[in-house]
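Dear colleague,

Please find below the structure that I am handing over to you. My notes on what was found in it follow.

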Amino acid sequence: SLVPSMSLVSETPHRRNLAKVLLIAGSMHFAYNMASFGVLSLTTPTSHSLANTTKRAFVVGSSAIFLKEIWTWATITGMCFVTIGSTYYAKLQMSEDRNSPLNDRSFEDLKGQS
């Protein structure tokens, strides 16, 4: 028959479990987005993007270890690029912060020049 039986439509333990998992996943994603906006308000968009890329590399690496997957050369190369790129960027940021004119003068001095 083309009409589904009532047993397929009624609530089952699997459907309740699915609803709980979806509620938890949605709540966690909402919390992640709120935290992401909080971090973005404290950093530059470039730093935020770099942190997000590093997070993704960490997720890929940890899931590959957890799931006992075989690492391909593409995965290893990508992880190396992320590590080298983020290290290089952090080093550049630290050197820019040290050479910043704000380190030599106070905010009041800069405000008086305007």
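**Surface and fold**

The chain exposes about 10,000 Å², of which carbon and sulfur atoms supply 69%; accessible areas come from the Shrake-Rupley method with a 1.4 Å probe, and for residues only the protein chains shown count as cover. This is a predicted model, in which local features need pLDDT of at least 70 and side-chain atom pairs count only at pLDDT 80 or more, while totals for chains, interfaces and linings use all residues. Residues are numbered from 1 along each chain as its sequence is written, and side-chain values use heavy atoms, with hydrogens and water left out.

Of the 114 residues, 8% count as buried (under 20% relative accessible area; exposed is over 50%, and partly exposed lies in between, with a 1.4 Å probe and protein chains only). The chain has five helices and zero strands (DSSP runs numbered from the N terminus: helices are H or I of at least four residues, strands E of at least two).

Ile65, Trp71, Trp73 and Ile76 make a nonpolar surface patch of about 470 Å². Such a patch consists of residues with over 30% relative accessible area and no salt bridge, nonpolar side chains (Val, Leu, Ile, Met, Phe, Trp, Tyr) being joined within 5 Å and like charges within 9 Å; a salt bridge is a side-chain nitrogen of Lys or Arg within 4 Å of a carboxyl oxygen of Asp or Glu. Tryptophan 73 lies in helix 4 and is exposed, at 69% relative accessibility.

Lysine 68 lies in the loop between helix 3 (45-66) and helix 4 (73-98). Its phi is near 55°, a positive value in a residue other than glycine. Lysine 68 is also exposed, with a relative accessible area of 74%.

Yours sincerely
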